[in-house]
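Thanks for making the time this morning. I would like to walk you through one structure, starting from a single residue and then widening the view, so please have a look at it first.

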Amino acid sequence: MSRPHAFLIKLEEWANSYRARPARAFNNLLAVLALVAGITLVWEFGFSWRQSSALHSFFIYSTRTIVILVILKLNLDLVCAKSPWEHGQTAKAGVLLAFFGMLYAAWRIIGSSGPELELAWALLDHAVRAYLFVTQGYRLWQLLFSRVKVGPAAVMAVTFALIILAGTGMLMTPKATPPDVDLGFVDALFTAVSATCVTGLVVVDTGQDFTQMGQIVILVLIQIGGLGLMTFVAYFSLALGEGLGLRDRVLLRDLLNVGKVGGVTQVLTFTLLLTVGIEALGAVGLYFSLEVPPGVDPAYNAIFHAISAFCNAGFSLHSDSLVGEGPAALALVSGLIVIGGLGFVVSQNLLKVFVDRVQRKRGRPARVLLQTKVVLVVTGVLLLLGWIVISGVELEGTAFDGMSDASYAIHTLFLSVTARTAGFNSVAMEALGPATIVLFLVWMYVGASPASTGGGLKTSTVAILFASVWAFVLDRTDVELFQRRVPRRLVHHATVLFVGSLLGSLGIVFVLSITEDPAWSFQHLYFEVISALGTVGLSIHGSNQLSTAGRCVIAFAMYLGRLGPLTLLLAMTELRSTKSLYRYPMGNLMIG
């Protein structure tokens, strides 16, 4: 046997041993380094230090250690793999990082220097630390939820709470606010809840009281809140090649309202592509049409408002929201709001139907789903009816003084769009008439559609409630929509949502009537509560006028509104699930 051949055999035996018995100590070390990587990333982006301090030295050496060990681990994985691609996307990500790391090492050995090398190190450093933190964090996520048997509702409640706490901490870092702004815990929590729950209620000026770093934190919270943290976890799982287990797919099926478990990956991919594509197109349009506040980069301003509009968040870098904006900007923002509020399942179904009809596909072309029909009809009716009503009742008002007929029509249509869940305003809210405020209360209560970036009772829920009333009037046993029977379970869920939202709003208004100053009228308090529960973000009196206790109550209302009362009830029943083994005799009562 030749020496090269014997060496290759020994190398293969060592590789098989490495694959079969991974070093537990090294994996534990990676877990510790992942924690260090997360801390250093937070410290780098949120805090400052003296270049000569001991903390700075620890930061430099720890990041270098992390990069060297992770690059070494990736190269070992690649050497010991039978094929460079046997681990799927994980291997691809590892190949890229390993290749980049070896290329940088060769670059340093050659003796090159300069700004290009510093930029390469910065990219490699941040990429490796982010990669390590995400991969180890995802594995910890899987470990925790594999041992704790909870359903999708409890997972959603816990994940939203965790991301809110993380966002609160980041907003309280020194780099998130200007030196002259002292952001307290309650205000940071309120802002994090509002951003994560895509509401838009603010107690501090987003454009003035946060640095660009703080605004980016808010933007990330908006994006995560709009799409859902579980969706992001699934993205990381697929991107890193971990794959989605059956339990993960069941969770995502329920969270995304997907009909079949097998369609989860397809919906996730479509959601990502639609989000990136629509937000990018919206940013390009807003770059040329949106006014730019002083000292703000136009591209950054456009991207911020495009993401905020698509996620129905209502956050703006302008102190007065979109007051004074032109027709083009309002039209673009309205389009982003509507697309984001339709729901990803509906958007995917519409695209499939459109493509099949354009291609004249034979066999079994895609059909318009019942969900799509209900969402489109209810959305269209609400937009058109709201436009007509606002246009009629505000003719004699003062909110639109000085506008031409065309501008008046565009602004009233914009209000009809944003009133349901977005939270932007193009005129002063306090100048609107009582009839418009009542309409806003109803529209905010309804909200957007299921599996969308918006909140509220949801359009399909309202459709089921009206269909059940109509079935009662006609003395029909079945509740029907578009020649389809609605399951009795959905009718019960819709009723629970309606009653729970109504009782919840009244209970929160009662608490606020105790905690707040008498200057807050019942109308203003109820409007604030419905805006929070519907994750809309509009306010008449101003959320910054709330007391500390009131801000905490409204923050809880936003959290409740994003999850929905039904989700919280299901989460509680999932944690303590017991089935009754008996049934009581039926009894009759007089009602009505």
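Leaving aside its neighbours within four places in sequence, which residues is Phe527 in contact with? Please keep in mind that this is a predicted model. With those neighbours set aside, Phe527 is in contact with Met429, Ile437, Phe440, Leu441, Met444, Leu538, Ser539 and Ile540. Phe527 also belongs to the largest nonpolar core, which has 112 residues, and it is listed there among the residues with the most contacts inside that core, together with Ile222, Leu432, Phe440, Ile554 and Met558. Apart from that core lies another one, of 14 residues, including Leu30, Val67, Ile71 and Val128.

Let me turn to one helix, α12, which covers residues 298-310. Helix α12 is mostly covered, with ten of its 13 residues buried, among them Tyr300, Asn301, Phe304, His305 and Phe310. At the start of α12, a side-chain oxygen of Asp297 comes to within 3.2 Å of the backbone nitrogen of Ala299, and just after the helix Asn312 takes a positive phi of about 55°.

Finally, the chain as a whole: it has 22 helices and two strands, and 48% of its 592 residues count as buried. Among contacts between residues at least 6 apart in sequence, 70% join residues at least 24 apart. The accessible surface comes to about 30700 Å², with 66% of it belonging to carbon and sulfur atoms.

Conventions:
Residues numbered from 1 in each chain as written. Predicted model: local features only at pLDDT ≥ 70, side-chain atom pairs only at ≥ 80, totals over all residues. Heavy atoms only, no water. Helix = DSSP H or I, 4+ residues; strand = E, 2+ residues; numbered from the N terminus. Expected span 1.5 Å × (residues − 1). Buried < 20%, exposed > 50% of the residue type's maximum accessible area, 1.4 Å probe, protein only. Polar contact = N/O pair within 3.5 Å; in protein donor to acceptor, adjacent residues only side chain to side chain. Core = buried A, V, L, I, M, F, W, Y, C linked by side-chain atoms within 4.5 Å. Contact = heavy atoms within 4.5 Å. Areas by Shrake-Rupley, 256 points an atom, 1.4 Å probe, with all protein chains shown as cover.
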